[in-house]
Amino acid sequence: MALTHSHAYRLARIATVAGMAFATVPAFAQSTPAPGNVQAAPQAHGTTISLADLAERVMPAVVNIAAVTTSETRGRNLPQLPQLGPDTPFGDLFEEFFNRRGRGGEQGQNQNQPPQQRRSQSAGSGFVVDASGLVVTNNHVIGDANEITVVFSDGLRLKAEVVGKDTKVDLALLRVKHDKPLPFVKFGDSDKMRIGDPVMAIGNPFGLGGSVSSGIVSARNRDINQGPYDTYIQTDAAINKGNSGGPLFNMAGEVIGINTAILSPTGGSVGIGFAVPSSLATNVVDQLKEFGETRRGWLGVRIQNVDDAAAEALGLGTARGALIAGIDEKGPAKPAGLEVGDVIVKFDGKDVKDSRELPRIVAGTAVGKDVPIQVMRKGKELNKTVKLARLEDGEKVQQASANKPAGEAAKPVTASALGLEFSAQNDDLRKRYSIKDGLKGVVITKVDANSNAADKRILVGELVVEVGQEPVNSPEDVTKRLDALKKEGKKSALLLVSNAQGEVRFVAVTMS
């Protein structure tokens, strides 16, 4: 994955991607708290726009999150570190250095020593969204902390309890208690933000608390390969290690994003930061507030994107929708009549432009709702209705093992087409390619390196299960089906390809 969110460090963990790096960015802020919802518009001074009034009014609702994790460890006695507060720059570097030294080289000598308590600290940002004390932050900021303290800009420190966490969107909701109403900010509508709109971020980069940076919305709906719901706001407002969990404001003082990651070759800001949009965050926060957990809709399908070749083979006209490559046996899609090869083009009245959109739409739809779905099947438009189940329940569903097929052909039949060589299954091929029992289809025994099939990354040892959405059980079935597609005027053949473990995908291969 491009970015790993687990525990939050002052100098965050970084995973490199294509020569760059995504980094999580914990932080906190300083100012003078004032109760009530804080919103303001920037004021013009001469020819420039000043953010001073806006910053002054929203900063009281931005808080520091200090998280402490205590764990047992065996090892030699380490030097006593000075008591470094969560706002001390580079404090965690010293702790990490000594912890690594304590874990290395002498494990055999330390096995009989009693366990020792090891405390690790991390710091991040958050913001109050309700005067009663609800605080939003990133999940990676608090991790598995045993003790969480929310620190306000006037020095007020309040112990926090976790209301709920969501690892998929990297959000957490905390609660603090105080005898007076706390300053808070409201969420705005990130869907109304346009590329070029001004934004302001507040955080604690590298321990420099109360830092304000400004910029614009550089892009929307960014997918950084972090999860199934990636739709980040990209901004050039300076976001560094230390800003994670902090708010990204519009010019009305509304939170339109939660600062979460940066793209950088060095770990510092190069003007490419990412924030979870409020349009995604608000639903998660509402669910955490009401249930203490997320309750996402679940369709029970595995999908892939539709490229131009697949669109032509499926008779879609233009590339659109989400192609169903697999259906969960115990999911709601099967009783609703959805099939492998269907292309979902509309869900609950919303157009599905590509496969990235569908998981977000489904997850944001109420569990138990009867949802109308429009699919394309073999060039025809069909309407289906599915009763959504709960994703968290679906993730616990275990697939039953497939039954072993009966019967063997005494001598395998082979055929060649599309730059591929096909063979009927037998014991030797199943053993050679470690093919799981119960899988159907014909085995690919050779791939021409100069073929379109090779370009589409079809591999030796995989199986062709369908050709043109028709099942094939022998090499002869493959060649007959290809001939039929050519007579229909098709330029590409849509193959359903399975790997040796049974995971399938659709591949459109050009026919010469």
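**Figure 1. Strand S22 and its pairing with S24 in the predicted model.** Isoleucine 344 has valine 375 in S24 as its bridge partner, in a structure that is a predicted model. This contact belongs to an antiparallel pairing in which S22 and strand S24, covering residues 370–377, are joined over four bridges. Strand S22 spans residues 343–347, and because four of its five residues are buried, it is largely enclosed by the rest of the structure.

**Figure 2. Strand S22 and its pairing with S21.** Strand S21, residues 322–327, pairs with S22 in the antiparallel sense, here over two bridges. Within this pairing the bridge partner of leucine 323 is valine 343, which is a residue of S22.

**Figure 3. The hairpin formed by S22 and S23.** Strand S23, made up of residues 350–351, is another antiparallel partner of S22, and the two are connected over two bridges. Lysine 346 stands opposite aspartate 351, the latter being in S23. The two strands form a hairpin with two residues between them, and aspartate 348, located in the turn, has a positive phi of about 55°. For residues other than glycine, phi is negative in most cases.

Figure 4. Lysine 378 is placed in the loop between S24 and strand S25, the latter comprising residues 380–387. Its backbone has a phi near 55°, a positive value in a residue other than glycine. Lysine 378 counts as exposed because its relative accessibility is 52%, where the cut-off for exposed is over 50%.

**Figure 5. Serine 434 in the loop between a helix and a strand.** Serine 434 is found between helix H9, residues 427–432, and strand S29, residues 442–447, in the loop that links these two elements.

**Figure 6. Threonine 167 and glycine 227.** Threonine 167 lies in the loop between strand S10, residues 157–166, and strand S11, residues 171–176. With a relative accessible area of 63%, threonine 167 is exposed. Glycine 227 is 60 residues away from threonine 167 in sequence, while the C-alpha atoms of the two residues are 9.3 Å apart in space.

**Figure 7. The largest cavity and its lining.** The structure holds two cavities of 30 Å³ or more, and the largest cavity contains about 70 Å³ of space. Its lining includes Lys168 and Val169, together with Gln226, Gly227, Tyr229, Asp230, Thr231 and Tyr232. Val276, Pro277 and Leu280 also line the largest cavity. By residue class, the lining of this cavity divides into six nonpolar, three polar and two charged residues.

**Figure 8. The protein chain as the setting for the close-up views.** The protein chain has 11 helices and 33 strands, and 49% of its 512 residues count as buried. Among the contacts in the chain with a separation of 6 or more, 65% are accounted for by residues 24 or more positions apart. The chain exposes about 24300 Å², of which 48% is supplied by carbon and sulfur atoms.

Technical notes. Residues are numbered from 1 along each chain as its sequence is written. This is a predicted model: local features need pLDDT of at least 70, side-chain atom pairs count only at pLDDT 80 or more; totals for chains, interfaces and linings use all residues. Side-chain values use heavy atoms; hydrogens and water are left out. On a 1 Å grid over the protein atoms alone, a cavity is a set of points where a 1.4 Å probe fits but cannot get out, and a pocket is an open set with protein on both sides within 12 Å along at least five of seven lines; lining residues have an atom within 4 Å of a point. Grid points are joined across faces, edges and corners, and a volume is the space filled by probe spheres set on the points. Ala, Val, Leu, Ile, Met, Phe, Trp, Tyr, Cys and Pro count as nonpolar, Asp, Glu, Lys and Arg as charged, and the others, Gly among them, as polar. Buried means under 20% relative accessible area, exposed over 50%, partly exposed in between (1.4 Å probe, protein chains only). Contact means heavy atoms within 4.5 Å. Accessible areas come from the Shrake-Rupley method with a 1.4 Å probe; for residues, only the protein chains shown count as cover. Two strands pair if DSSP finds at least two bridges between them.
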